[in-house]
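Please look at the structure below before reading on. The report that follows takes up a few helices and a loop, one after another.

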Amino acid sequence: MARKPLNYWEKRQTELMKRIEKGTENTIKGLIESYERTTKNINKEISRIYKNYSKSDVLDKKVLNQLLNKKETDVHRRNLLTTINNYIKNKDIKQKMLLKYNSSAYSFRISRYEQLQESIDLELKKLADIEQQITEIRYVDTIKEGYYHNMYNFQKSTGLGFNFSKIDNKTINLLLNEKWTDNANFSQRIWKNSEKLGNYLKTQLTADTMSGKTIQKIASELSSFMNVGLYNATTLVRTEVNHFA
């Protein structure tokens, strides 16, 4: 059997990368929708506090520092626990959050400032969890597609017909958990980026910077902060896909 010219195989490899890139764009579209939804949810929470505790479109820092009554605190805590149980799939993160809000220390009244911070944190945890789920699907598909495509190419280029094993879940998990850069795997990098974004948002969007700012200004700033997070997320996806490919 005559061997195919080198440019034939280069073309085949280019076609593979184009298919993988198309799948990546669909994943990024899902990320964009998730970030937009999270931005909207955080804005709703900020708007709720303005509506309930302010007579104008600005919120005084002193208002945020006032404590909720015990009933409000208990309702807030139950809502957090319900959301964590229903939406957080990452076992390690879920366990840490449940321990925090089930602890005896949380039996005390909290301030509206703390309530807002916790709501922002939970929304970002939900976002990171979704990000992990949809990107992992992309990475697994990339690994499988690359493996079977290249095994087929190898057979065609050598003219040899031979049996080869399917790529198994154990091997896929080993690849997914590989700490190939920054001493972290893809999941750890997602949660690290989420933590950085959360710390920034909770600092910038609560009491200190809210004082004197209108809700419209805060909404605009929030969108800018979330766009930075989205940029980091999409960059990470492209880097990881190329690595697995």
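## Exposed and buried residues in a predicted model

Asn183 is exposed, with a relative accessible area of 63%, where buried means under 20% relative accessible area, exposed over 50% and partly exposed in between, with a 1.4 Å probe and protein chains only. The model is predicted, so local features need pLDDT of at least 70 and side-chain atom pairs count only at pLDDT 80 or more, while totals for chains, interfaces and linings use all residues. Residues are numbered from 1 along each chain as its sequence is written, and side-chain values use heavy atoms, with hydrogens and water left out.

Asn183 belongs to the loop between α6 and α7, the helices (H or I, at least four residues) being DSSP runs numbered from the N terminus. Phi of Asn183 is near 55°, a positive value in a residue other than glycine. Asp182 lies in the loop between α6 (169-176) and α7; Asp182 also has a positive phi, of about 55°, although it is not a glycine, and at 59% relative accessibility it counts as exposed.

Helix α4 (residues 91-102) has 12 residues and reaches 16 Å from its first C-alpha to its last, close to the 16 Å expected at 1.5 Å a residue, the expected span being 1.5 Å times one less than the number of residues. Buried in α4 are Ile93, Met97, Leu98 and Tyr101. Seen down the axis of α4, these buried residues fall within an arc of 125°, so they line one face of the helix; the arc is that of the directions from the helix axis to the C-beta atoms. On the other side of α4, Lys91, Asp92, Gln95, Lys96 and Leu99 are exposed.

Helix α3 (residues 70-87) and α4 pack at an angle of about 165°, with their axes 10 Å apart, where axes are lines fitted to C-alpha atoms, for helices over the stretch in contact, and angles run from 0 to 180 degrees between N-to-C directions. The two helices α3 and α4 are therefore roughly antiparallel to each other, a term for angles over 145 degrees.

Two buried residues sit in other helices: Thr135, in α5 (residues 112-158), counts as buried at 1% relative accessibility, and Ser194, in α7 (residues 186-204), counts as buried at 11%.

| Side chain with the polar atom | Backbone oxygen | Distance |
|---|---|---|
| Thr135 | Glu131 | 2.6 Å |
| Thr135 | Gln132 | 3.3 Å |
| Ser194 | Leu124 | 3.5 Å |

Technical notes
Angles under 35 degrees count as roughly parallel, over 145 as roughly antiparallel, 65 to 115 as roughly perpendicular and the rest as oblique. A polar contact is a pair of N or O atoms within 3.5 Å; within protein, one must be able to donate a hydrogen and the other to accept it, and residues adjacent in sequence count only if both atoms are side-chain atoms.
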